[in-house]
Each structure stands twice: as structure tokens, then as C-alpha cells.
Amino acid sequence: MCKNLLTDKTLTQCTIYFKYYLHQALVKGGFGDDYLKWLDIWRDNIKMGLTTWAEISDLPNSRSDCHAWGASPNIEFFRTVLGIDSYAPGFRKIKIEPHLGDLSNVSGEMPHPNGKVAVAYAFDKDKWKIKIVLPEKTSGILVWKMKKYQLKAGENLLVI
């Protein structure tokens with residue numbers, strides 16, 4: 001049912017701004033591994049030579065060349081693809097639940113009140129090598145294929 005949000009053209013289609021909420025709903029609906037496939041409108045922005053995101057999806061007929069609401073992929077790369085998200089008030093705990101899609105080697109880091117969170121995922125010889133670094137005084141969990149792994153502050157290495 002959730003996937004119908006992408007295919008049912010009788011529904012009002014989301015603007016670039018509202019795709020942020022659509023994508024969040026699809027991730028919660030279990031389709032997060034498809035996230036990178038949903039970015040065609042942003043790819044079209046780049047093809048047009050825009051250096052900031054347009055406000056609306058009707059690029060050929062009207063546009064705004066400087067609209068922050070269209071920048072949701074900037075945060076969703078970290079939250080959806082790399083899976084870094086808050087798991088307690090004040091980011092005291094961290095939940096790592098990546099949606100890598102077809103990616104086999106990706107990494108990134110983001111600031112945290114206690115330092116930084118860094119993740120690296122590499123698929124090698126039929127195994128995932130996962131490195132997660134949490135800041136001091138911070139714990140968390142990794143959710144991988146519906147299984148939970150406890151994470152501690154500092155470096156966490158997993159081979160799954």
C-alpha cells in the first residue's frame with residue numbers, strides 16, 4: 001500500500017518541498033533501500049545547471065533558484081542512507097539504521113553534541129564490514145536486517 005504513494009498518479013503529486021515527508025513515510029513503510037532511486041527531480045535540477053534547489057517540481061515552466069525547502073537530500077543522506085539518527089532526547093543515544101540500496105561502499109560522519117558520529121559500510125567477500133564510531137558518553141544501537149546490535153562510545157567494528 002505504501003508503495004502506491006509513488007505510483008498512483010490519481011493522488012496529488014508532491015512538490016520538491018513535500019517529498020521530504022513522502023520519503024520519510026516510505027522509509028517507515030519499509031522502502032528505505034529505494035531512497036536513492038527517488039531523487040530524479042534533484043538530478044534534473046543538477047542537469048539544468050542549478051547550484052541551489054528549485055522550489056517546485058515543474059522545472060521547465062517555473063522555478064526558484066534558491067529554495068532551502070528542497071534541500072532534504074542533504075540531511076537524508078545522513079539519516080536515511082547512512083542511517084544516523086537520534087534515539088533519545090538531546091541525541092543522548094544514537095540509532096544507526098542504514099538504507100544502502102545498491103551501494104556497497106559508503107561512509108560519512110556528522111557532528112554530535114559530544115563530538116562526531118562516523119559510519120563506514122563496505123561489502124567484501126559476501127560480508128558487510130561495518131565501522132561505527134560514537135562520541136564519548138554516547139551509546140546506541142545498530143539496526144541491521146531487523147536485528148539490533150548494541151553500540152558503545154568509541155569504535156564499534158562488526159562483520160555481518
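The lining of the largest pocket divides into eight nonpolar, seven polar and eight charged residues. This pocket was identified in a predicted model and holds about 680 Å³ of space. Of its 23 lining residues, Val27, Gly32, Glu97, Pro98 and His99 are the closest to the pocket centre. Two or more lining residues are given by each of α2 (16-31), α4 (72-81) and β6 (139-144). Helix α2 provides the largest share of this lining, with four residues.

The second largest pocket has a volume of about 220 Å³. Its lining is made up of Leu5, Leu6, Lys9, Leu11, Thr12, Gln13, Cys14, Lys19, Leu22, Ile41 and Ser57. By class, six of these residues are nonpolar, three are polar and two are charged. At least two lining residues come from α1 (4-7), and at least two from α2.

With regard to overall architecture, the protein contains four helices and eight strands, arranged along the sequence in the pattern α-α-α-α-β-β-β-β-β-β-β-β. The C-alpha trace spans about 50 × 30 × 30 Å along its principal axes. Of the 160 residues, 38% count as buried. Among contacts with a separation of 6 or more, 38% are accounted for by residues 24 or more positions apart.

Technical notes: Residues numbered from 1 in each chain as written. Predicted model: local features only at pLDDT ≥ 70, side-chain atom pairs only at ≥ 80, totals over all residues. Heavy atoms only, no water. 1 Å grid on protein atoms, 1.4 Å probe; cavity = no way out; pocket = protein on both sides within 12 Å on 5 of 7 lines; lining within 4 Å. Points joined across faces, edges and corners; volume = space filled by probe spheres on them. Nonpolar A, V, L, I, M, F, W, Y, C, P; charged D, E, K, R; others polar. Buried < 20%, exposed > 50% of the residue type's maximum accessible area, 1.4 Å probe, protein only. Contact = heavy atoms within 4.5 Å.
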